[in-house]
Amino acid sequence: DVQQSFYDAVGGAPTFRALVARFYEEVARDEILRPLYPEEDLGPAERRMRMFLEQYWGGPHTYSDERGHPRLRMRHQPFRIGPIERDAWLRAMHTAIASIDDDTLDADHRRALVDYMEMAANSMVNSPI
Ligand code: HEM
């Protein structure tokens with residue numbers, strides 16, 4: 001199908017579940033990122049990120065049904081995100097993306113995902129240091 005969404009093209013829910021689970025495994029043991037997360041249980045944050053990414057890439061709209069407009073820059077204002085935090089976040093995300101095999105995520109889709117994450121992480125920076 002020429003109109004197939006990115007979400008479907010990369011395997012849908014199981015792929016996003018694996019990607020975001022791996023990302024939060026990295027967050028859990030990252031000394032820069034972990035202290036930023038207000039809740040002891042990372043499960044709810046993992047779920048919000050998964051719902052957001054699924055929606056962004058053409059999957060179910062559960063995120064906005066539950067949370068409304070993403071307003072991600074506003075929602076990140078409580079956290080100081082400088083270059084160090086951005087780099088730590090991107091390191092974790094690159095590790096998560098690398099953990100998805102080539103049959104699931106081909107080179108073009110991988111590139112699109114990486115480019116998006118780099119753009120999005122840069123746009124979330126709210127502190128010069
Ligand atoms: C929420 C950190 C970039 C998507 C959060 C939270 C923290 C955080 C601490 C609160 C956790 C929670 O939901 O309870 C960071 C840091 C970033 C970053 C340090 C470094 C650049 C991004 C990017 C995206 C993103 C690039 C999207 C591609 C989200 C989403 C939420 C969230 C969807 C939940 C928003 C909601 O409340 O509905 N982030 N984030 N974050 N982040 Fe990030």
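Arg71 is found in the loop between α4 and α5, where helices (H or I, at least four residues) and strands (E, at least two) are DSSP runs numbered from the N terminus. The model is predicted: local features need pLDDT of at least 70 and side-chain atom pairs count only at pLDDT 80 or more, while totals for chains, interfaces and linings use all residues. Residues are numbered from 1 along each chain as its sequence is written, and side-chain values use heavy atoms, with hydrogens and water left out.

Although Arg71 is not a glycine, its phi is positive, at about 40 degrees. Arg71 counts as partly exposed, at 47% relative accessibility; buried means under 20% relative accessible area, exposed over 50%, and partly exposed in between (1.4 Å probe, protein chains only). Ser5, in the segment before α1, is buried, with a relative accessible area of 16%. The C-alpha atoms of Ser5 and Gly58 are separated by 5.5 Å, and the two residues are 53 apart along the chain.

## Ligand site

The ligand takes up the space of the largest pocket. A pocket is an open set of points on a 1 Å grid over the protein atoms alone, where a 1.4 Å probe fits, with protein on both sides within 12 Å along at least five of seven lines. A molecule sits in it if more than half of its atoms lie within 2 Å of the grid points. The elements that give two or more residues to the shell around the ligand are α3 (43-56), α4 (62-67), α5 (72-75), α6 (83-98) and α7 (107-123). α3 gives the most, with four residues.

The ligand is surrounded by 20 residues, the closest being Arg48, Tyr63, Arg67, His76 and Trp89; a residue counts if one of its heavy atoms lies within 4 Å. By class, the shell has 14 nonpolar, one polar and five charged residues. Oxygen atoms of the ligand lie 2.5 Å from a side-chain N or O atom of Tyr63 and 2.6 Å from one of Arg67. For His76, a polar side-chain atom is 2.8 Å from a nitrogen atom of the ligand.

## Nonpolar core

The largest nonpolar core has 34 residues, of which Phe23, Tyr24, Leu53, Trp89 and Met117 touch the most other members. Such a core is a set of buried Ala, Val, Leu, Ile, Met, Phe, Trp, Tyr and Cys residues joined through side-chain atoms within 4.5 Å. Two or more residues of this core come from each of α1 (6-9), α2 (13-28), α3, α6 and α7. α6 gives the most, with seven residues.

Note on methods:
Polar contact = N/O pair within 3.5 Å; in protein donor to acceptor, adjacent residues only side chain to side chain. 1 Å grid on protein atoms, 1.4 Å probe; cavity = no way out; pocket = protein on both sides within 12 Å on 5 of 7 lines; lining within 4 Å. Nonpolar A, V, L, I, M, F, W, Y, C, P; charged D, E, K, R; others polar.
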